[in-house]
Amino acid sequence: MKPDLFEAPDYYNLDELLTEEHLLVRDAAREWVKRDVSPIIEEYAQRAEFPTQIVNGLANIGAFGPYIPEEYGGAGLDYISYGLIMQEIERGDSGVRSTASVQSSLVMFPIWKYGNEEQKMKYLPKLASGEWMGCFGLTEPDHGSNPSGMVTNFKDKGDYYLVNVAKMWISNSPIAQVAIVWAKNEEGRIHGLIVEKGMDGFSAPETHNKWSLRASSTGELIFDNVKVPKENILPNRSGLGAPLSCLDSARYGIAWGAIGAAMDCYDTALRYSKERIQFGKPIGGFQLQQKKLSEMITEITKAQLLAWRLGDLKNKGKATTAQISMAKRNNVEMAIKIAREARQILGGMGISGEYSIMRHMMNLESVITYEGTHDIHLLITGLDITGLNAFK
Ligand SMILES: Cc1cc2nc3c(=O)[nH]c(=O)nc-3n(C[C@H](O)[C@H](O)[C@H](O)COP(=O)(O)OP(=O)(O)OC[C@H]3O[C@@H](n4cnc5c(N)ncnc54)[C@H](O)[C@@H]3O)c2cc1C
């Protein structure tokens, strides 16, 4: 892969809106990605393998639980810092960002929000340091966009809960020591259970043959009469709102992360357009290529403003589910379009692993689907503005 020459675009001087702490956190993550992710990521993506050696680095830059209080091992940062860390990691690779998002928003967040003090003290510091990895099991083979129909269930057996059935498409599951599993009790109410690797009847086989997020480990969660201790239930919230609130937090991170992938594609294409000579001049001098590049920087700038404002609202406790949903949908679609255009600017070289663009493009095909598909986010906005439910 080519050396990482990334220079971040900031067309509207948005750095002026960031605090000194934001800039420090962002720059540390940026440097780490250049040093520890860019040189190895293409090889791991080609091999379809998660680079486990970067887990410590992710913990060191605060990527695991950035907004979790320090007493639980988190970094105690605000939501803009969280967003900036996700942006920088996804600038390197969406699969690596997925690993961090799952750990922070889908595993640490529910334990922090809905767990009791013992659960927080037992799990959060280990997850923050990367000693343990976690995963989040909501999706099932027959229930993706409609998780309320889930069939994974648990029965109260007096001393323990007996968990059965399965989850699929679970990021980190093959490498995780702990899983937050959403399952229905005998009354059909959804609860979160903390399930640990090693419990009898619990397995997490890897999903192979992905063309996307190849450097992220994805798998199933299979429960065959797994006995889960009763103290492993998350006591402080039940119902579908509990997992959906975790998705809000993860989607927020994705809204920032997708900007990173887009920035990397734009920066690569801009540099290439000034160096690649055809018909006796740099291709960046042709109007058709300038149209692509001009539209890219415009869309990136709009997405940056959207993310910053959403972060500001989130810091004030005012960001709504529908606002987060809009930012996730807009920014991921923006990034995928930019990846496709940037790939064209590089011509044949655009499909080569010497550059990051094709990898970003393939990764974004998952990002536009997970954490609510593009269509589902349109329906969330539609419901919010009309008051009419078009889901069913
Ligand atoms: C790489 C990867 C990692 C993932 N990681 C996780 C994870 O860690 N944990 C987890 O729980 N899940 C995870 N997922 C699952 C992901 O969240 C689901 O794939 C996603 O929610 C969509 O569900 P589905 O694939 O079953 O598609 P479906 O729900 O079957 O949707 C198929 C199509 O129908 C459309 N559709 C569905 N309902 C409607 C409707 N009402 N109106 C209009 N159109 C509709 C959808 O938009 C989509 O285009 C991951 C997925 C991938 C690909």
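Helices (H or I, at least four residues) and strands (E, at least two) are DSSP runs, numbered from the N terminus. The model is predicted, so local features need pLDDT of at least 70, side-chain atom pairs count only at pLDDT 80 or more, and totals for chains, interfaces and linings use all residues. Residues are numbered from 1 along each chain as its sequence is written, and side-chain values use heavy atoms, with hydrogens and water left out.

Start with strand β7, which covers residues 218-229 and holds asparagine 225. Asparagine 225 has a positive phi of about 55°, although it is not a glycine. Most residues other than glycine have a negative phi. Asparagine 225 is partly exposed because its relative accessible area is 42%. The terms work like this: buried means under 20% relative accessible area, exposed means over 50%, and partly exposed lies in between (1.4 Å probe, protein chains only).

Asparagine 13 also has a positive phi, near 50°, in a residue other than glycine. Asparagine 13 sits in the segment before α1 (20-47). With a relative accessibility of 45%, asparagine 13 counts as partly exposed.

Tyr11, Tyr12, Leu17 and Leu305 make a nonpolar patch of about 440 Å². Such patches consist of residues with over 30% relative accessible area and no salt bridge; like charges are joined within 9 Å, and nonpolar side chains (Val, Leu, Ile, Met, Phe, Trp, Tyr) within 5 Å. Areas come from the Shrake-Rupley method with a 1.4 Å probe, and for residues only the protein chains shown count as cover. One member, leucine 305, belongs to helix α7 (residues 287-315). Leucine 305 counts as partly exposed because its relative accessibility is 34%.

Next comes the ligand. It is surrounded by 18 residues, of which the closest are Thr139, Ser145, Trp169, Ser171 and Thr373. A polar side-chain atom of serine 145 lies 2.6 Å from an oxygen atom of the ligand. For threonine 373, a polar side-chain atom is 2.7 Å from an oxygen atom of the ligand. Taken alone, the ligand exposes 970 Å², and the protein buries 68% of that.

Two histidines are worth a look. Histidine 143 is in the loop between β1 (134-137) and β2 (153-156). Histidine 143 is buried, at 16% relative accessible area. A polar atom of its side chain lies 3.0 Å from the backbone oxygen of glycine 149. That is a polar contact (a pair of N or O atoms within 3.5 Å; within protein, one must be able to donate a hydrogen and the other to accept it, and residues adjacent in sequence count only if both atoms are side-chain atoms). Beyond its neighbours within four places in sequence, histidine 143 is in contact (heavy atoms within 4.5 Å) with Gly149, Met150 and Val151.

Histidine 377 lies in helix α10 (residues 374-386). Its relative accessibility is 0%, so histidine 377 counts as buried. Leaving aside neighbours within four places in sequence, histidine 377 is in contact with Arg251, Ser325, Lys328, Arg329, Glu371 and Gly372.

Last come the salt bridges. Each one is a side-chain nitrogen of Lys or Arg within 4 Å of a carboxyl oxygen of Asp or Glu. The count comes to 22 salt bridges. Glutamate 90 pairs with arginine 97, with the closest N and O atoms 2.5 Å apart. Glutamate 90 is buried at 0% relative accessibility, and arginine 97 is buried at 1%.

Arginine 359 forms a salt bridge with aspartate 93, at 2.7 Å between the closest N and O atoms. This pair links distant parts of the chain, 266 residues apart: arginine 359 is in helix α9 (residues 357-367), and aspartate 93 is in the loop between α3 (79-92) and α4 (94-114). Arginine 359 counts as buried at 9% relative accessibility, and aspartate 93 counts as buried at 1%.

Methods
Near = heavy atom within 4 Å.
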